[in-house]
Amino acid sequence: MISFWKKIPEQAKRLVVLAIILLAVFLVVRPQLVPSDFGELGHFRASALQDIIAQPVQYAGHEICTECHDEVAEKKGNSYHRNVACEVCHGPAAVHVEEEETDMLRIPRGRDFCIVCHEYLSSRPTGFPQIVSESHNPMKSCITCHNPHDPTPPEKPKDCAGCHASIARSKMVSHHVYVPCVRCHDTPEGHFTNPRVYHPTKPTKREFCGGCHASDDPSVAGIPQVDIESHGERYVCWQCHYPHLP
Amino acid sequence: MSILKSYQHLNQPQKRRAFVKTFLLSVAAIVFPGRSGSQEKPKKNSKWILDDDYDATEHRWGMGIDINNCIGCGRCVAACKDENNVPKLPFFFRTWVERYEIEANGQVSVSSPNGGYDSFKPEISDKQTIRSFFVPKLCNHCDNPPCVQVCPVGATFKTVDGVILVDKDYCIGCRYCIQACPYGARFLHPETRTAEKCTFCYHRVVKGMSPACVENCPTQARIFGDLKKTASPLVRFTRMHNINVLKQNLNTEPKVYYANLDMEVS
């Protein structure tokens, strides 16, 4: 053994010694640096999970509000806002649940909060109730007419533009500006209160447009008329002409 | 006979004692099935029981987002910041809302003023917009997460229920994961100088609550649920809609599922 050690060249011996020292340092230092629970559940510190789930909850959830505010909850539950959680408007309530006397929640009363959802934006889905706040009773607060817990409008929308503002704007600059919506869309009364349950009709036939635009029709002068038999006979009219802006 | 053979190395009284013991245990096992120790199933993966019997191995979380329901009110952004103490500055978001406007000439413009925190303002422009919609975004909790792959210290990881988390005490703030995330869902917290991201509100989920953004969405554009339960709202959502995910070509296998997603969204 000793003779074997003597046969090894000096420079290789030094390297072996160095390697052994490095290995020893690694073995001593590594347990100090790597947390003891690292790798228990995967390539991470297992106790990190406990740290993360220890984070306090701020939003208490809509169920807990009904335990005290059952009257408001019932009213809201039958209104258009039934799916809007209380904390959307009143803010995080976890502290309020614990200390209901001292930690009062916010009550937004101004116009600037309601329009967060209800200002007219062209990107918002059609049928979602929207207003143009500049012209919609600009000096009044929303809550003078609408109870946020039951926001049914005091009167049903006077015209379709209340919800279909983008279509109304197109129609405003089109030659169809004087054609009322109901001339083409048979609108059931239920549509004003349950818009997604009761749908208005849409014209299905070329002859419907032909009612005004067919050349054999003795209508008012100025309406463009075509021979409905030969004019684009393979297509229905609205494949080429957008009826709200023809 | 084989039972008796196994006693052959014992002397007579020991043999008798062992035989009686085996006999009585056999009778007991027949009379009270399921009570004897050997039949008890071992508790599976007990290490993953995190909070009040929440067993992470029984779940697999995901989110559904219906573009047609999003009104861009930004309540999810506000709720997320309140719930998770995200800095209120306009550059730090765990979730944010983008507004897409597609013009007649095919030009796509995306805007997200303050991440949608203050909702969006009506604007007057001469753009000829033919389509416009809102897209809420957040960490996609990829099943094959590039951010976890690149973390040099093991500070970010995927839990067994499919949530990607960051261990902020172990993160060294090298920003490698922020670069790796193809969805821009991560940021460096300005005070702790560690990586931060959406956790699906893991602290709420283990208590049986839904994430703050889902809880506060007024139009139910966001659906949260368990992909392992066929009765979960998310599974119903994926069944009822045509589903798309962001940047499918990257094979990150996101678990945020979009319904009615436009082709322009990336």
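**Confidence**

The model has an ipTM of 0.78 and a pTM of 0.76. The average pLDDT of chain B is 88, and 89% of its residues score at least 70. In residues 36-41 of chain B the pLDDT falls below 50, and this stretch makes three contacts in the model beyond near neighbours in sequence. Where pLDDT is low, the predicted coordinates should not be read in detail.

**Chain B: helices, strands and sheet**

Eight helices and eleven strands are found in chain B. The chain has 266 residues, of which 39% count as buried. If contacts between residues at least 6 apart in sequence are considered, 60% of those in chain B join residues at least 24 apart.

Four strands of chain B form an open sheet in the order β9-β1-β11-β10, and the pairing is mixed. The edges are taken by β9 (222-226) and β10 (243-244) of chain B; each has a single partner strand, so one side of each has no neighbour in the sheet. Within this sheet, β1(B) and β11(B) are parallel to each other. One of the residues involved is Asp66(B), whose bridge partner in β11(B) is Ala259(B). Helix α8 of chain B, residues 233-240, lies across β1, β9, β10 and β11 of chain B and runs at about 115 degrees to β9(B).

| Strand pair | Residues | Sense | Bridges |
|---|---|---|---|
| β1(B) and β11(B) | 61-66 and 256-259 | parallel | four |

**The nonpolar core**

The largest nonpolar core holds 75 residues. The members that touch the most other members are Ile67(B), Val77(B), Ala79(B), Phe200(B), Tyr202(B) and Cys213(B). Helix α3 of chain B, residues 75-84, gives the largest share of this core, five residues. In soluble globular proteins, nonpolar side chains tend to be buried together.

Which residues does Ala79(B) touch, not counting residues up to four places away in sequence? In chain B they are Ala212(B), Cys213(B), Glu215(B) and Asn216(B), and Tyr59(A) is touched as well.

**Contact between the chains**

In all, 33 residues of chain A are in contact with 39 residues of chain B. On the chain A side, α3 (47-53), α6 (86-90) and α8 (111-118) each supply at least two residues. The largest share, five residues, comes from α3(A). By type, this side of chain A consists of 19 nonpolar, eight polar and six charged residues.

Phe44(A) lies in the loop between α2 (10-33) and α3 of chain A. Is Phe44(A) buried or exposed? A residue counts as buried if 20 or more other C-beta atoms lie within 10 Å of its own. Phe44(A) has 26 within that distance, and is therefore buried. Leaving aside neighbours within four places in sequence, Phe44(A) is in contact with Gly154(B), Phe157(B) and Asp167(B).

Note on methods:
Residues are numbered from 1 along each chain as its sequence is written. Chains are lettered from A and ligands numbered from 1 in the order in which they are written. This is a predicted model: local features need pLDDT of at least 70, side-chain atom pairs count only at pLDDT 80 or more; totals for chains, interfaces and linings use all residues. Two residues are in contact if their C-beta atoms, placed from the backbone, lie within 7 Å. Ala, Val, Leu, Ile, Met, Phe, Trp, Tyr, Cys and Pro count as nonpolar, Asp, Glu, Lys and Arg as charged, and the others, Gly among them, as polar. Two strands pair if DSSP finds at least two bridges between them. Axes are lines fitted to C-alpha atoms, for helices over the stretch in contact, and angles run from 0 to 180 degrees between N-to-C directions. A residue is buried if 20 or more other C-beta atoms lie within 10 Å of its own, exposed if 12 or fewer, and partly exposed in between; C-beta atoms are placed from the backbone. pLDDT is the predictor's confidence in each residue, from 0 to 100. A nonpolar core is a set of buried Ala, Val, Leu, Ile, Met, Phe, Trp, Tyr and Cys residues joined through C-beta atoms within 7 Å.
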